[in-house]
Amino acid sequence: MNKLLLHPAVKPAIFVAALGPFAWLLYGALADTLGANPAEALIRSTGDWTLRFLCLTLAVTPLRQWSGWHALARLRRMLGLFAFFYGVLHVLCYAWLDMGFDLAAIVRDIPKRPFILVGTAALLAMSLLAATSFNRAVKALGAQRWQALHRSVYAIALLALLHFFWMRAGKNDFAEWSVYAAILGVLLGWRVLHALRHRASAAAQRQRVEAAQPRVADPAR
Ligand code: HEM
């Protein structure tokens with residue numbers, strides 16, 4: 001599987017596949033096949049795809065470690081950037097189709113509706129990760145600081161989930177939301193367990209090193 005994942009055609013194939021939903025929505029908008037309320041369909045579908053790509057991005061590391069398909073790691077950045085791409089499309093659809101690009105009305109709407117405020121926070125944080133997703137940013141920030149910053153993708157996923165929850169709370173419809181909550185719960189749970197296990201094995205290693213060091217005689221005796 002690793003060999004297959006390292007094939008030069010894999011990345012372009014995933015890139016084209018990830019553009020599929022965009023092409024489908026564009027076709028739907030042009031051919032008028034998005035149903036009775038195309039504006040709502042566009043805003044909601046782009047929101048759904050943002051969340052789906054966030055889930056896919058977060059699934060890469062657990063899947064890589066569980067399966068041993070380490071070459072999956074080279075797809076993580078592209079999947080994260082697609083989450084951002086669909087997030088930007090989502091906001092553009094909202095700004096255009098809901099608000100007619102009226103900037104003053106958008107600025108008023110953000111604090112007025114809590115689910116919009118939370119979504120905006122998630123997208124702003126995502127912009128920061130997208131802007132620092134390139135090799136030059138890793139070098140400029142240093143690997144440790146870069147990693148700490150990019151760990152905020154878990155907080156972004158929680159904000160996105162809260163955004164979705166709040167939006168559906170008005171309609172009392174949590175069926176789809178529960179599926180995303182379960183997926184993100186497993187992925188975040190895995191991350192926490194992994195961090196705890198890592199910390200425990202680092203502590204055990206430290207103890208072994210200390211125990212192996214020769215004891216120095218106490219000069220006070
Ligand atoms: C990471 C960022 C975001 C994610 C993952 C996200 C995701 C979603 C999801 C999953 C939905 C529900 C779709 C459905 O019902 O099937 C949604 C709806 C919506 N989102 Fe977002 N969103 C984000 C950011 C934003 C931002 C920044 C705004 C506006 C400033 C926004 C405005 C809306 C609106 C207006 C709706 C539809 C509400 C309705 O139809 O009643 N979202 N979003």
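Let's start in helix α9, where the buried residues are I156, A157, L159, A160, L161, H163 and F164. "Buried" here means that 20 or more other C-beta atoms lie within 10 Å of a residue's own, with C-beta atoms placed from the backbone; 12 or fewer makes a residue exposed, and anything in between is partly exposed. Before going on, note that this is a predicted model, where local features need pLDDT of at least 70 and side-chain atom pairs count only at pLDDT 80 or more, while totals for chains, interfaces and linings use all residues. Numbering runs from 1 along each chain as its sequence is written.

Those buried residues of α9 pack against α3, α6 and α10 (175-212). As for its geometry, α9 has 17 residues and reaches 24 Å from its first C-alpha to its last, close to the 24 Å expected at 1.5 Å a residue. That expected span is 1.5 Å times one less than the number of residues in the helix.

Now zoom out. The protein has ten helices and zero strands, with helices (H or I, at least four residues) and strands (E, at least two) taken as DSSP runs and numbered from the N terminus. The radius of gyration of the protein is 22 Å, whereas a compact globule of 221 residues would come in near 17 Å; the radius is taken over C-alpha atoms, and the globule rule is 2.2 Å times the number of residues to the power 0.38. The C-alpha trace spans about 85 × 45 × 35 Å along its principal axes. Among contacts with a separation of 6 or more, 65% join residues 24 or more positions apart.

Next, the ligand. There are 22 residues around it, and R44, G47, G119, A122 and A160 come nearest; a residue qualifies if its C-beta atom, placed from the backbone, lies within 6 Å of the molecule. The elements giving two or more residues to this shell are α3 (38-67), α4 (76-98), α6 (114-131) and α9 (153-169). Helix α3 supplies the largest share, seven residues. By type, the shell splits into eleven nonpolar, seven polar and four charged residues. Nonpolar covers Ala, Val, Leu, Ile, Met, Phe, Trp, Tyr, Cys and Pro, charged covers Asp, Glu, Lys and Arg, and the others, Gly among them, are polar.

Finally, take G47, which is found in helix α3. G47 counts as buried because 22 other C-beta atoms lie within 10 Å. G47 and Y94 are 47 residues apart in sequence, yet their C-alpha atoms are 9.9 Å apart in space.

Methods:
Contact = placed C-beta atoms within 7 Å.
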